[in-house]
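This note was prepared for a colleague who wishes to review the model alongside its sequence. Please read the points below with the structure open.

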Amino acid sequence: MKTKPEIKVLLYHAVSEDREFPSPAGTNLPPKEFERQVSFLSRHYSVVRLGGGAEGGGRPPLAITFDDGYRDNFQAAYPVLMRYDLPVTFFLTVSRVGRDWDFPGGNYPGLTWEEVREMDRHPLVDFGSHGLTHRLLTGLTEEEADREIAGSKAILERELGRKVDFFSYTHGSYNDRTRELVRKAGYRAAYSVIAGGEDEFSRRRILISRRDNLFRLRIKLSPLYWPLRKII
Ligand SMILES: [Zn+2]
């Protein structure tokens, strides 16, 4: 299969203040910082839909994604992105929709189906699957992994009433078997975090976490980021 050239894809998780986000992963960005980044991206990049072409009018193309499906995506990220007219893809952990996430530091609300459907009505918003239960796919039996991959797709498509084309790997982790299951389930592409870049089913993304202010975002977007990643 011929693969399209890879465009830069950013990965966000939560848009909330540090003190409000209980996950030890620290994958939140404060709302003010998020807006600063969105404003920067809107001026310097051509933000395209995931899987979209590289039509940039001279500016480099880039896509914005979110993993997990926290309620703050609806409350804090969606309004900002829509104000700037930027497309976005939210990858949902399908069995957590309508429920709290249970972190060691406390609970954190997930999106509800009502919020998902409201955002889905917007032409710039897409949804993908981040599996069913947020378990590491590489540690599961083939049957369990397929339930996460194909099962979550079926539920999401039923709830949204349309096709779901993209998958993102929990913790960015995949192997040849999971990649094949994703392909067989009918997805067009799948996204990892750092690893990957080999084909449509192992696309890399640039993870943005709480330490990533505008200065660090610009470093991560530079052509030197992948080669230098290990030391920054
Ligand atoms: Zn995740």
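The numbered points that follow move from the overall fold to individual elements and residues.

1. Overall architecture. The model under review is predicted. The protein comprises seven helices and twelve strands. Its radius of gyration is 17 Å, close to the 17 Å that the globule rule gives for 232 residues, so the protein is as compact as a globular protein of that length. Along the principal axes, the C-alpha atoms fill a box of roughly 45 × 45 × 35 Å.

2. Of the 232 residues in the protein, 36% are buried. Among contacts with a separation of 6 or more, 60% are between residues 24 or more positions apart.

3. The nonpolar core. In soluble globular proteins, nonpolar side chains tend to be buried together. Here the largest nonpolar core contains 52 residues, and Leu10, Leu92 and Ala190 have the most contacts inside it. Beyond residues up to four places away in sequence, Ala190 touches Phe166, Phe167, Ser168, Tyr169, Arg179, Val182, Phe201, Ser202 and Arg203. Two of these partners, Phe166 and Phe167, fall in strand E10 (166-168), while Arg179 and Val182 fall in helix H5 (176-184).

4. Geometry of helix H4. This helix covers residues 142-160. H4 has 19 residues and reaches 26 Å from its first C-alpha to its last, close to the 27 Å expected at 1.5 Å a residue. Just after the helix, Gly161 adopts a positive phi of about 70°.

5. The buried side of H4. Which residues of H4 are buried? They are Ala145, Glu148, Ile149, Ser152, Lys153 and Leu156. An α-helix has 3.6 residues a turn, so residues three or four places apart point the same way. The cover over the buried residues of H4 includes strands E6, E9 (125-129) and E10 (166-168), together with helix H5 (176-184).

6. Lys153. Leaving aside neighbours within four places in sequence, Lys153 is in contact with Ser129, Val164, Ala185 and Tyr187. Of these, Ser129 belongs to strand E9 (125-129). Lys153 and Asp165 are twelve residues apart in sequence, and their C-alpha atoms are 8.7 Å apart in space.

7. Positive phi at two aspartates. Most residues other than glycine have a negative phi. Asp68, however, has a phi near 95°, and Asp85 has a positive phi of about 60°. Asp68 lies in strand E5 (residues 61-68), whereas Asp85 is found in the loop between helix H2 (72-83) and strand E6 (88-92). Asp68 is buried because 24 other C-beta atoms lie within 10 Å. Asp85 counts as exposed because it has 9 C-beta neighbours inside 10 Å.

8. The E7–E8 hairpin. Strands E7 (residues 100-103) and E8 (residues 106-109) run antiparallel and are joined by four bridges. Together they form a hairpin with two residues between the strands. In this pairing, Asp100 stands opposite Pro109 in E8.

Methods
Residues are numbered from 1 along each chain as its sequence is written. This is a predicted model: local features need pLDDT of at least 70, side-chain atom pairs count only at pLDDT 80 or more; totals for chains, interfaces and linings use all residues. Two residues are in contact if their C-beta atoms, placed from the backbone, lie within 7 Å. A nonpolar core is a set of buried Ala, Val, Leu, Ile, Met, Phe, Trp, Tyr and Cys residues joined through C-beta atoms within 7 Å. A residue is buried if 20 or more other C-beta atoms lie within 10 Å of its own, exposed if 12 or fewer, and partly exposed in between; C-beta atoms are placed from the backbone. The expected span of a helix is 1.5 Å times one less than its number of residues. Two strands pair if DSSP finds at least two bridges between them. The radius of gyration is taken over C-alpha atoms; the globule rule is 2.2 Å times the number of residues to the power 0.38.
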